[in-house]
Amino acid sequence: MSKDPLSETSVPSASAESSDAFARRWNYRPPVPIRTSPFFALPPSPVECVKWFADRWFKFAENTILIVLATLVWFFFQPPLSETREWAVGWVLEIYVRNFILLSLVAGGLHLFFYRWKKQGSKLQYDSRELVSSGRLFTFGGQVRDNMFWSLASGVAFWTAYECCMFWAMANGYIPQMHPSEHPVRFVLLLVFTPVIISFHFYWIHRLIHIPFLYKHVHSLHHRNTNVGPWSGLSMHPVEHLLFFSSVLVHCLIAAHPIHILFHMQHQALTAATSHAGFEGLYVRKKNRLALGTFHHQMHHRFCDCNYGNLEVPWDKWFGSFHNGTESSHQDFLANRRRSS
Ligand SMILES: [Zn+2]
Ligand SMILES: [Zn+2]
């Protein structure tokens with residue numbers, strides 16, 4: 001795998017009072033060491049577990065917003081299963097246009113807010129360098145144009161293709177369907193476990209595409225983005241889209257309602273935009289009101305060979321690829337890299 005040329009450069013820092021050398025490489029570094037889900041920590045801490053869960057499910061947070069969105073889409077912007085039983089251009093196009101608009105609203109909205117209008121300045125921005133506006137590295141000669149092209153042309157197409165196949169299969173009884181009135185508890189539990197299922201799948205496909213051959217021909221397209229913006233999240237090679245969205249195939253085995261399928265796919269596509277926002281969160285009235293980016297994945301983009309998973313399941317801790325954002329962790333990471341090169 002190639003090492004990014006920027007990975008060893010330091011970034012102008014706005015945090016002169018930073019506590020260590022690693023912090024000075026960033027415009028903003030969140031409190032470290034960054035935390036992974038306490039559900040897997042020993043000894044178990046029920047208080048931490050309740051807090052982690054509440055932060056994700058009982059606040060104005062991505063998961064809650066996405067459940068509301070999936071429900072609204074199901075009731076108002078989704079062809080009924082009776083229609084998806086037979087393939088037809090009309091309902092497929094309807095889903096494609098809907099997904100195109102959803103991604104444009106989320107990634108485009110965040111991009112305009114943070115990067116075009118700079119409404120938040122560099123507050124909570126990990127890396128305050130501008131996105132790359134020229135150069136041969138990017139399709140169409142610029143990072144945002146490149147990212148928009150791969151996200152909208154390939155990303156939305158694969159997202160739509162998986163959804164259409166799942167709805168067609170469910171409508172024809174080829175995959176099991178869950179009815180919330182018969183299994184209300186299972187219905188809720190499956191929503192809660194969806195991010196965990198996604199985390200499991202993401203870690204392993206991500207490790208797979210870091211195998212040198214696949215990295216070179218597939219995943220390097222996503223890693224053109226050393227610094228990231230909202231459109232970078234779903235900017236992937238079509239083969240990566242094929243793998244990335246395949247997590248929804250779990251519902252060939254686990255019975256689901258169409259709302260679960262919509263939540264799963266919208267979680268995949270739309271949190272790719274938010275998690276690559278480049279900002280820790282939306283800063284309103286001196287507070288971070290909505291968590292967006294993760295420093296964990298921002299480090300993956302700058303250094304490439306650490307932090308392959310996300311924080312819902314501590315895969316990186318278990319498999320020795322975790323960078324917790326501290327200076328000592330960075331020194332360990334560099335020593336490991338020297339040993340393996
Ligand atoms: Zn990424
Ligand atoms: Zn990667």
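Predicted model: local features only at pLDDT ≥ 70, side-chain atom pairs only at ≥ 80, totals over all residues.
User: How many of the nine residues of helix 10 are buried?
Analyst: Helix 10 covers residues 295-303 and is mostly covered.

User: What residue follows helix 10, with a positive phi?
Analyst: Next comes a residue with phi near 80°, and that is Cys 304.

User: Why is helix 5 called roughly antiparallel to helix 9?
Analyst: Take helix 5, residues 143-171: its axis comes within 11 Å of the axis of helix 9. The two cross at roughly 165°. Angles over 145 degrees count as roughly antiparallel, so helix 5 is put down as roughly antiparallel to helix 9.

User: How many charged residues are in the contact of helix 5 with helix 9?
Analyst: On the helix 5 side you have Gly 155, Trp 159, Tyr 162, Glu 163, Met 166, Phe 167 and Met 170. Helix 9 brings Pro 258, Ile 261, Met 265 and Ala 269. By class that gives nine nonpolar residues and one polar, and the charged count is one.

User: At what angle do the axes of helix 6 and helix 9 cross?
Analyst: Helix 6 is residues 184-208 and helix 9 is residues 258-275. Helix 6 passes helix 9 in a right-handed crossing. Their axes come within 10 Å, and the crossing angle is roughly 35°.

User: How many polar residues are in the contact of helix 6 with helix 9?
Analyst: Helix 6 puts in Leu 190, Leu 191, Thr 194, Pro 195 and Ile 198. From helix 9 come His 260, Phe 263, His 264, His 267 and Gln 268. There are no charged residues here, the nonpolar ones number five, and the polar ones number five.

User: Which residue takes a positive phi in the hairpin of strand 1 and strand 2?
Analyst: Strand 1 (residues 281-284) pairs with strand 2 (residues 287-291) in the antiparallel sense, over four bridges. Val 284 has Lys 287 as its bridge partner in strand 2. Two residues sit between the strands, and the one with phi near 45° is Arg 285.

Methods: Residues numbered from 1 in each chain as written. Chains lettered and ligands numbered in written order. Axes fitted to C-alpha atoms, helices over the stretch in contact; angles between N-to-C directions. Left-handed = near helix turned anticlockwise from the far one by under 90°. Contact = placed C-beta atoms within 7 Å. Nonpolar A, V, L, I, M, F, W, Y, C, P; charged D, E, K, R; others polar. Parallel < 35°, antiparallel > 145°, perpendicular 65-115°, else oblique. Pairing = 2+ DSSP bridges. Buried ≥ 20, exposed ≤ 12 C-beta atoms within 10 Å, placed from the backbone.
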